[in-house]
Amino acid sequence: MRVISFGVILYLFWLALSGYFKPFLLIGGLICTLFVLYASRRMKLIDTESYPAHLFPAASTYWPWLLWEIIKSGWNVTKVILRPRLSISPAMTRLVASQHSAAGIATYANSITLTPGTITTGVKGNILTVHALERGGALDLEEGGMDARVTRFERGG
């Protein structure tokens, strides 16, 4: 099933990029897709980490949540910048990621970096070093809400 869905996505991606819908080109794209599928299967590249199809349903709730977090953080950073005295309180913190895979930890680190006002400066194992523009941003991360949300996403729920 994973190989079939990967093939469908590859073909649709090819269609979106090419923009040609003539029979000869459609068949050529299909042949290329089948060749890539064959080569990918022989090289054992279609696994749960390289093609996490099991996360697609969870992504439908995770991505909107992350977008909302980015908007809220962007608004907070905007308020900090527009304050006349620019009163910031930068902070560094270390977080323990509760994810079980390298992809999960990378998702957590990247989610932190995507939210304005915070950036993951280092990752060693499951320990993340994070810089926050304001101490409040670091405290929010230390509370573990984002960590729990990414862990739920990693499990596919």
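Residues 24 or more positions apart account for 67% of the contacts in the protein chain with a separation of 6 or more; contact means heavy atoms within 4.5 Å. This is a predicted model, in which local features need pLDDT of at least 70, side-chain atom pairs count only at pLDDT 80 or more, and totals for chains, interfaces and linings use all residues. Residues are numbered from 1 along each chain as its sequence is written, and side-chain values use heavy atoms, with hydrogens and water left out.

**Overall layout**

- The protein chain holds six helices and three strands. Both are DSSP runs numbered from the N terminus: helices are H or I with at least four residues, strands are E with at least two.
- Read from the N terminus, the order of elements is α-α-α-β-α-β-β-α-α.
- The radius of gyration is 20 Å, well over the 15 Å that the globule rule gives for 157 residues, so the protein chain is more spread out than a compact globule. That radius is taken over C-alpha atoms, and the globule rule is 2.2 Å times the number of residues to the power 0.38.
- Along the principal axes, the C-alpha atoms fill a box of roughly 65 × 35 × 25 Å.
- Gly145 and Pro23 are 122 residues apart in sequence, and their C-alpha atoms lie 51 Å apart in space.

**Surface and burial**

- Of the 157 residues, 31% count as buried. Buried means under 20% relative accessible area, exposed over 50%, and partly exposed in between (1.4 Å probe, protein chains only).
- The protein chain exposes about 10,300 Å², and carbon and sulfur atoms supply 68% of that area. Accessible areas come from the Shrake-Rupley method with a 1.4 Å probe; for residues, only the protein chains shown count as cover.
- Gly145 sits in helix 6. At 46% relative accessibility, Gly145 counts as partly exposed.

**The largest nonpolar core**

- In soluble globular proteins, nonpolar side chains tend to be buried together.
- A nonpolar core is a set of buried Ala, Val, Leu, Ile, Met, Phe, Trp, Tyr and Cys residues joined through side-chain atoms within 4.5 Å.
- The largest such core here has 18 residues, of which Leu95, Tyr108, Ile112, Leu128 and Met146 touch the most other members.
- Helix 3 (56-82), helix 4 (102-114), strand 3 (127-132) and helix 6 (145-154) each supply at least two of its residues. Helix 3 gives the most, with five.
- Not counting residues up to four places away in sequence, Leu95 touches Tyr108, Ile112, Asn126, Ile127, Leu128, Val130, Leu141 and Glu142.

**Helix 4**

- Helix 4 has 13 residues and reaches 18 Å from its first C-alpha to its last, close to the 18 Å expected at 1.5 Å a residue. The expected span is 1.5 Å times one less than the number of residues.
- Its buried residues are Gly104, Ile105, Tyr108, Ala109, Ser111 and Ile112. They cover an arc of only 160° around the axis, which puts them on the same side of helix 4. The arc is that of the directions from the helix axis to the C-beta atoms.
- These buried residues pack against helix 3, strand 1 (91-96), strand 2 (118-124), strand 3, helix 5 (135-143) and helix 6.

- The 20 residues of helix 2 (residues 23-42) should span 28 Å at 1.5 Å a residue; the end C-alpha atoms are 29 Å apart, which agrees.
- Gly29, Thr33, Leu37 and Ser40 are the buried residues of helix 2. Seen down the axis, they fall within an arc of 75°, so they line one face of the helix.
- That buried side packs against helix 1 (2-18).
- The face turned away from the buried side carries the exposed residues Pro23, Phe24, Ile27, Ile31, Phe35, Tyr38 and Arg42.
- Lys44 lies in the loop between helix 2 and helix 3. Lys44 is not a glycine, yet its phi is positive, about 55°. At 71% relative accessibility, Lys44 counts as exposed.

- Thr129 lies in strand 3 and is buried, with a relative accessible area of 18%.
- Leaving out residues up to four places away in sequence, Thr129 touches Met92, Thr93, Arg94, Ile119, Thr120, Thr121 and Gly122.
- Arg94 belongs to strand 1 and is exposed, with a relative accessible area of 64%.
- Beyond its neighbours within four places in sequence, Arg94 is in contact with Ile127, Leu128 and Thr129.
- Arg94 and Leu128 are 34 residues apart along the chain, and their C-alpha atoms are separated by 5.5 Å.
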